[in-house]
Amino acid sequence: MEMDRRELADFLRRSRERLRPQEVGLAAGPRRRTPGLRREEVSQLAGMSADYYMRLEQARSPQPSAQLLGALARALRLTLDERDHLYLLAGHRPPAGPFAGEYVRPGLLYLLDRLHETPAQIIGDLGDLLAQNALAEALFGCVCTVDEGDRNIVWRWFADPFVRSAYPEEEHERVGRLHVAHLRAAVARRGNDAAASALVERLHGTGEEFTRLWERHEVAVHRSSRMKVVHPEVGLIEFDTEALLTPAEDQRVFVFTPPPGSGAIEALELLRVIGPETAHRSHV
């Protein structure tokens, strides 16, 4: 990513001018002519030299480090959106925002309930099934019956042979590789934190298959794909899956839509009538 010195300089200057001295614990003083903070005050708050900060505002500095940008963001009391903008102007990828974890925002739950004609689920970045609508429950089974530690779809794929009965056998290798490749990407984004490390260690204990796929080091974030599900009453249903990233970035809304011209629309109509009673107890 390239540094945009002119835009960075303008953003720093305007952010400095918008910030009042009393907001950072400084006295305004009777003879202050500069709107907002002075340059030397920002440099002092950020723990950097006044000369280097002056060159940043004059669009003639070398590229600042990510550590320095973090200090500037704190000194200027930037919001998360403003902080990310600062990083991008300086030619750096913004740091990851706070994780939502298992908390699903009420608006997302409302969205799931309004999708009457399409199965939809909210899945965490490590594969934890957090919520699903009625049609997804009818297709994949009720999450309420699954222990909290076993709601992870990657874990269930490798640990519970019954899960695979919901998929044609010829799809098993591809689906397994997709799960592992997506998990690889999530683990790296998290910096191999405690939750990610514990899940990977647990998965290694499921047998040779996961270890073999993990050692391939394939990375592929699950954004869209074509999948086939075998329902015990409806039969084979084909879907296109689309992943919508939530603002917290560690949750995705997966929507399962019928491919154009397929029989999936009729299958979903029948599934709505049947309800969740005969659904698989597995999850995608």
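Keep in mind that the model is predicted.

Start with the helix pair. H1 covers residues 5-18, and H5 covers residues 80-89. Their axes sit 9 Å apart, and the packing angle is about 150°. Angles over 145 degrees count as roughly antiparallel, so that is the label for H1 and H5. The crossing of H1 past H5 is left-handed.

Who makes the contact? From H1, we have Glu7, Leu8, Phe11 and Leu12. From H5, the partners are Glu82, His85, Leu86 and Leu89. Sorted by class, that contact holds five nonpolar residues, two charged and one polar.

Next, Pro168. Look for Pro168 in the loop that links helix H8 (153-159) to helix H9 (172-189). Is Pro168 buried or exposed? Its relative accessible area is 11%. The cut-off for buried is under 20%, so Pro168 is buried. Leaving out residues up to four places away in sequence, Pro168 touches Lys228, Val230 and Leu236. For a sense of distance, take Leu68, 100 residues from Pro168 along the chain. The two C-alpha atoms are 52 Å apart.

Now the salt bridges. How many does the structure hold? The count is 20. I will go through three of them.

One is back in H1. Arg13 pairs with Asp10, and their closest N and O atoms are 3.0 Å apart. Both residues belong to helix H1, with a spacing of three residues, about one turn of the helix. Arg13 is partly exposed at 28% relative accessible area. Asp10 is partly exposed too, at 27%.

Another joins the side chains of Arg38 and Glu41, at 3.4 Å from N to O. Here the two ends fall into separate classes. Arg38 has 27% relative accessibility and counts as partly exposed. Glu41 has 11% and counts as buried.

The last pair is Arg272 with Glu269, at 2.6 Å from N to O. Both lie in helix H12, residues 264-274, and again the spacing is three residues, about one turn. Arg272 is partly exposed, with a relative accessible area of 31%. Glu269 is partly exposed as well, at 42%.

One more point on salt bridges. Through shared partners, they tie Asp10, Arg13, Arg14 and Glu17 into one network.

How values were computed: Residues are numbered from 1 along each chain as its sequence is written. This is a predicted model: local features need pLDDT of at least 70, side-chain atom pairs count only at pLDDT 80 or more; totals for chains, interfaces and linings use all residues. Side-chain values use heavy atoms; hydrogens and water are left out. Axes are lines fitted to C-alpha atoms, for helices over the stretch in contact, and angles run from 0 to 180 degrees between N-to-C directions. Helices (H or I, at least four residues) and strands (E, at least two) are DSSP runs, numbered from the N terminus. Angles under 35 degrees count as roughly parallel, over 145 as roughly antiparallel, 65 to 115 as roughly perpendicular and the rest as oblique. A crossing is left-handed if the near helix is turned anticlockwise from the far one by less than a right angle, and right-handed if clockwise. Contact means heavy atoms within 4.5 Å. Ala, Val, Leu, Ile, Met, Phe, Trp, Tyr, Cys and Pro count as nonpolar, Asp, Glu, Lys and Arg as charged, and the others, Gly among them, as polar. Buried means under 20% relative accessible area, exposed over 50%, partly exposed in between (1.4 Å probe, protein chains only). A salt bridge is a side-chain nitrogen of Lys or Arg within 4 Å of a carboxyl oxygen of Asp or Glu.
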